[in-house]
Amino acid sequence: MSQSELTREVARRVFASEFNDSTYAFKESDDERAPNYALLPTGDRANRVFVVGTLTETEDVGDDSEYWRGRVVGPTGTFFVYAGQYQPEAASVLRDTEPPEYVSIVGKPRTYETDDGTVNVSLRPESIAVVDDETRDRWVVETAERTLDRIEAFEAWEAEQEAPESGSTAPTNEYAEMARERYDSPVVNYRNDVIQALESLENVGDADDADAEATG
């Protein structure tokens with residue numbers, strides 16, 4: 001196993017709504033090889049993310065060489081994925097896959113500021129794989145759990161800041177503090193997104209039941 005694999009960051013599970021709000025990027029060292037992190041509004045850092053959704057559209061947007069853009073839709077929004085000559089395996093999957101298909105992606109967040117000052121967040125994939133609906137559903141449930149864990153840690157830290165005399169033993173949370181300083185979006189928004197994501201699974205189940213009854 002290479003040194004890069006030994007030190008590889010854990011891929012965070014994150015819904016599209018939070019991912020696209022993660023517009024602040026930072027390093028924790030002046031070392032030029034230090035990893036870049038996206039600051040998640042729920043109070044964590046992400047060098048790598050793991051997402052699953054429906055690949056609905058692919059397009060080669062390159063000028064001189066292939067540069068593929070994929071649109072991946074989840075229950076709370078859309079991820080935009082870009083892969084070119086430095087991500088040949090991921091680019092080949094985008095080239096060869098006929099949408100719509102469920103796909104899983106491990107990759108790195110990348111921010112880009114437009115001329116009008118808007119910061120867009122996209123995903124540079126390390127790997128892309130076509131998956132089944134059970135994998136997608138399991139990702140939604142696990143991502144909901146991880147998002148709620150981050151929200152609860154954020155809210156515990158926030159409560160401690162508002163009432164330090166209460167004797168709470170909530171730990172310090174430097175990324176929650178950074179998120180509150182950098183972002184305007186209330187963390188409760190992401191709790192609502194969790195509910196929306198889980199309800200989407202129930203709706204899929206209801207639709208499947210209806211189809212089964214209609215064809216039974």
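Q: What makes two strands count as paired?
A: Two strands pair if DSSP finds at least two bridges between them. In this predicted model, β1 (residues 11-13) and β5 are joined by three bridges, so they meet that cut-off of at least two. The two strands run parallel, and R12 sits opposite V49 in β5.

Q: How do you know that β5 pairs with β8?
A: Count the bridges: seven join β5 to β8, and the cut-off is at least two, so this is a pair. Here the strands run antiparallel. V49 turns up again, with G107 as its bridge partner in β8.

Q: What makes β5 and β6 a pair?
A: Six bridges join them, and at least two are needed, so they pair. The sense is antiparallel, with V73 in β6 as the bridge partner of T54.

Q: How many bridges join β8 to β9, and which way do the strands run?
A: There are eleven bridges between β8 (residues 101-113) and β9, and the strands run antiparallel. At least two would do, so the pair qualifies. P109 faces L123 of β9. The two strands form a hairpin with five residues between them, where G117 has a positive phi near 90°.

Q: Why do β2 and β3 count as a pair?
A: They have two bridges, in the antiparallel sense. The rule asks for at least two, so they pass. One link to look for is A25, whose bridge partner in β3 is A38.

Q: Why are the buried residues of α3 said to line one face of the helix?
A: Looking down the axis of α3, the buried residues fall within an arc of 155°, so they line one face. They are A90, A91, V93 and L94, and "buried" here means under 20% relative accessible area. The cover over them includes β5, β6 (68-74), β7 (77-83) and β9 (119-130).

Q: Which exposed residues does α3 carry on the face turned away from its buried side?
A: That face has P88, E89 and D96.

Q: What makes a set of residues a nonpolar core?
A: The members must be buried, be of a listed type such as Ala, Val, Leu or Ile, and be joined through side-chain atoms within 4.5 Å. The largest such core has 34 residues, and I105 and I128 touch the most other members. Strand β5 gives the most to it, with five residues. A second, separate core has 13 residues, including Y37, A176, A179 and V187.

Q: Which residues is I105 in contact with, leaving aside neighbours within four places in sequence?
A: Its partners include V49, F50, V51, V72, V81, L123 and I128. S127 and P125 are in contact with I105 as well. Contact here means heavy atoms within 4.5 Å.

Q: How many of the protein's residues are buried, as a percentage?
A: Under the cut-off of 20% relative accessible area, buried residues make up 38% of the 216. The accessible surface comes to about 12,400 Å², with 44% of it belonging to carbon and sulfur atoms.

Methods: Residues are numbered from 1 along each chain as its sequence is written. This is a predicted model: local features need pLDDT of at least 70, side-chain atom pairs count only at pLDDT 80 or more; totals for chains, interfaces and linings use all residues. Side-chain values use heavy atoms; hydrogens and water are left out. Helices (H or I, at least four residues) and strands (E, at least two) are DSSP runs, numbered from the N terminus. Buried means under 20% relative accessible area, exposed over 50%, partly exposed in between (1.4 Å probe, protein chains only). Accessible areas come from the Shrake-Rupley method with a 1.4 Å probe; for residues, only the protein chains shown count as cover. The arc is that of the directions from the helix axis to the C-beta atoms.
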